[in-house]
Amino acid sequence: MTQGRANLLLLFAGAIWGLGFVAQASAVGNVGAFLFIGLRFALASITVAPLAWREAQQAKRSVTLKDYGGFVFIGLFLSIGSVLQQIGLATTTVTNSGFLTGLYVVMVPILGVLLFWNWPSPIVWPCALTALGGIYLLSGGQLNNLTTGDWLTILCAVFWALQIIFINRLAHENGRPFMLSLVQFLTCAVFGFSVAAFTEPFNWPSVMLSWPAILFGGVFSCGIAFTLQAVGQRYTSAPQAAIMLSSEALFAALFGAILLGERMTFHGMIGCALIFIAMITVEVVPALRNRTNAA
């Protein structure tokens with residue numbers, strides 16, 4: 001595969017994720033957040049299971065019980081982050097959700113310092129301030145204008161940042177990305193169904209109304225898009241991959257405007273632009289610096 005085709009795969013993954021925000025928003029009000037997560041990740045598990053099976057047939061080492069425990073632990077972070085994002089969509093826009101979720105890119109190095117004293121590139125700190133400035137403008141210049149959904153989405157980004165950190169610490173060396181995905185998805189499905197059984201009523205007609213969103217989220221946003229990411233990143237550079245995948249925020253804004261009629265203020269547009277710049281810079285600058293040093 002050429003680098004150009006790999007970048008197109010990653011851009012397509014970003015577009016799927018951006019459209020996924022619209023699909024999730026359309027399910028709000030019809031299906032409870034926990035039931036939606038359970039159904040969505042059950043479908044994602046079915047989608048990725050054949051890939052995990054094929055990977056297991058070709059693997060040089062088996063997955064240990066410790067590995068499975070780490071996969072489940074990582075899946076819990078994904079579960080909580082997904083639920084927070086879904087609940088947040090009830091009181092925020094698809095555009096805001098797309099950009100605020102992307103804050104995990106900036107939060108990963110910051111949490112790495114707080115948890116493990118793993119100091120990142122100095123560029124992280126101005127990027128963090130830029131992202132905060134973007135949130136401030138996105139709120140219209142008053143943080144009290146941020147909705148409950150906005151705050152929940154920011155908290156969601158924290159849990160997804162934790163998921164990324166612990167993937168590197170617990171699951172990086174086993175070489176089983178599809179099995180990791182399968183166990184993560186199964187953990188999310190069990191988590192969602194378990195909580196929904198005690199907190200949310202099950203209404204089959206409501207589930208059927210949201211079936212397109214559930215199907216898209218499970219098969220496309222999770223199963224297919226994560227697979228495209230796994231394949232594409234093998235054939236392109238880290239800076240280009242970061243740019244292509246970060247496009248999910250822009251696609252979320254685009255699809256939110258086209259399909260849901262969402263509109264933003266001028267200050268909000270500037271805020272989104274600052275968040276996007278921070279997301280790109282925090283990935284691209286360190287990677288380019290490492291490449292220069294290696295040369």
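This is a predicted model: local features need pLDDT of at least 70, side-chain atom pairs count only at pLDDT 80 or more; totals for chains, interfaces and linings use all residues.
View 1. The axes of α2 (residues 33-58) and α10 (residues 211-232) lie 8 Å apart, at an angle of about 40°. The crossing of α2 past α10 is right-handed. On the α2 side, the residues that meet α10 include Phe36, Leu39, Phe41 and Leu51. Their partners in α10 include Trp211, Ile214, Val219 and Thr227.

**View 2. Arg40 is a buried arginine with no salt bridge.** Here we stay in α2, where Arg40 sits. Which side chain of opposite charge is nearest to Arg40? It is Glu248, 8.5 Å away; a salt bridge needs nitrogen and carboxyl oxygen within 4 Å. Leaving aside residues up to four places away in sequence, Arg40 touches Gln24, Ile214, Gly217, Gly218, Ser221 and Cys222.

**View 3. Glu55 and Arg176 form a salt bridge, with N to O at 3.5 Å.** This pair links distant parts of the chain, 121 residues apart: Glu55 belongs to helix α2, while Arg176 is in the loop between α7 (148-170) and α8 (177-199). Glu55 is buried, at 12% relative accessible area, and Arg176 is buried too, at 5%.

**View 4. Arg61 and Asp67 are joined by a salt bridge.** Their closest N and O atoms are 3.3 Å apart. Is Arg61 buried or partly exposed? Arg61 is partly exposed, with a relative accessible area of 40%, whereas Asp67 is buried at 11%. The model has two salt bridges in total.

Conventions. Residues are numbered from 1 along each chain as its sequence is written. Side-chain values use heavy atoms; hydrogens and water are left out. Helices (H or I, at least four residues) and strands (E, at least two) are DSSP runs, numbered from the N terminus. Buried means under 20% relative accessible area, exposed over 50%, partly exposed in between (1.4 Å probe, protein chains only). Lys and Arg count as positive and Asp and Glu as negative; His and the chain ends are not counted. Contact means heavy atoms within 4.5 Å. Axes are lines fitted to C-alpha atoms, for helices over the stretch in contact, and angles run from 0 to 180 degrees between N-to-C directions. A crossing is left-handed if the near helix is turned anticlockwise from the far one by less than a right angle, and right-handed if clockwise.
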